[in-house]
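The following paragraphs lead through the fold shown here, from its sheet to its helices and loops.

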Amino acid sequence: MRGWWQAAADLVLGVCCPLCGAPGLHPCRTCVAAVAPDPVVMDVGDVPVAVAGVHRGLRREALLAWKVGGAASLDPVIAHHLASAVVCLIGDVSSVTLVPVPSTRRSRRERGRELVTDLAASTARTLAGVGVDAQVRPVLRLRRQTRDQHALSRGDRALNVAGSMAAAAVPTGPVVVVDDVLTTGATLLEAVRALSASGAFPILGAAAVVMAQPGSTPVASHPGDGLRSG
Ligand SMILES: [Zn+2]
């Protein structure tokens, strides 16, 4: 609930915590502490994929405020999540190349920026702080614009993205594909396929901020699907 002082702070500062409305320039300490990452690694197809948590609760609020609401003040929180997933995936590897999943034209128009590429850059800075040398190489391109996926079945999502990506250059490994949301895994698998076809090696796997809950309502947004992605 927002009190008069929060509204007053908004007027003076023009900003507040995007999760609880508390006044301030950034997400508040209480929310940041409550939305801490909880990374896990799983196999999607034959690709190891790490996620920083399930898309629910305050983490869901944070992801949506960042992705759909344009709350750029959450960039460090989301990057912290993705960095934790990357570290969970790579183990003791100390140098990686992050390859972001490409955005569709629709996503760039709606978000006003290359959301996942910007996220990868923030994540690389976070990783540097824990001794991981991470380079960002946005080499993947869409060969065709994919359909909005959020109303598609699992099988149709795979068909929608199959063969949709190509690598404009060959990143030097070890490579980690990064994205914001893991839904069925179709997008991340397509990204790994395209990088493998380009000769990128080794590809350690993929990392995403959150994993959608099975059966959850998709969120219209992002490249081509709802709560899209990987
Ligand atoms: Zn807060």
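In what order do the 6 strands of the open sheet lie? The order is β1-β2-β8-β7-β3-β4, with mixed pairing. Helices (H or I, at least four residues) and strands (E, at least two) are DSSP runs, numbered from the N terminus; two strands pair if DSSP finds at least two bridges between them. This is a predicted model, in which local features need pLDDT of at least 70, side-chain atom pairs count only at pLDDT 80 or more, and totals for chains, interfaces and linings use all residues. Residues are numbered from 1 along each chain as its sequence is written, and side-chain values use heavy atoms, leaving out hydrogens and water.

The edge strands, β1 (40-44) and β4 (133-136), each pair on one side only. Within the sheet, β2 (residues 47-51) pairs with β8 in the parallel sense over 3 bridges, and Ala-50 has Ala-207 in β8 as its bridge partner.

Helix α7 (residues 154-161) packs with α8 at an angle of about 30°, their axes 9 Å apart. Axes are lines fitted to C-alpha atoms, for helices over the stretch in contact, and angles run from 0 to 180 degrees between N-to-C directions. The two helices α7 and α8 are therefore roughly parallel (angles under 35 degrees). Arg-157, Ala-158 and Val-161 in α7 meet Ala-186, Thr-187 and Glu-190 in α8, where contact means heavy atoms within 4.5 Å.

Two cis peptide bonds remain to be located. One joins Gly-173 and Pro-174, with omega about -5°; Pro-174 lies in the loop between β6 (165-167) and β7 (175-182). Another runs from Phe-201 to Pro-202, with omega near -10°, and Pro-202 lies in the loop between α8 (186-198) and β8 (203-211).

Notes:
Angles under 35 degrees count as roughly parallel, over 145 as roughly antiparallel, 65 to 115 as roughly perpendicular and the rest as oblique.
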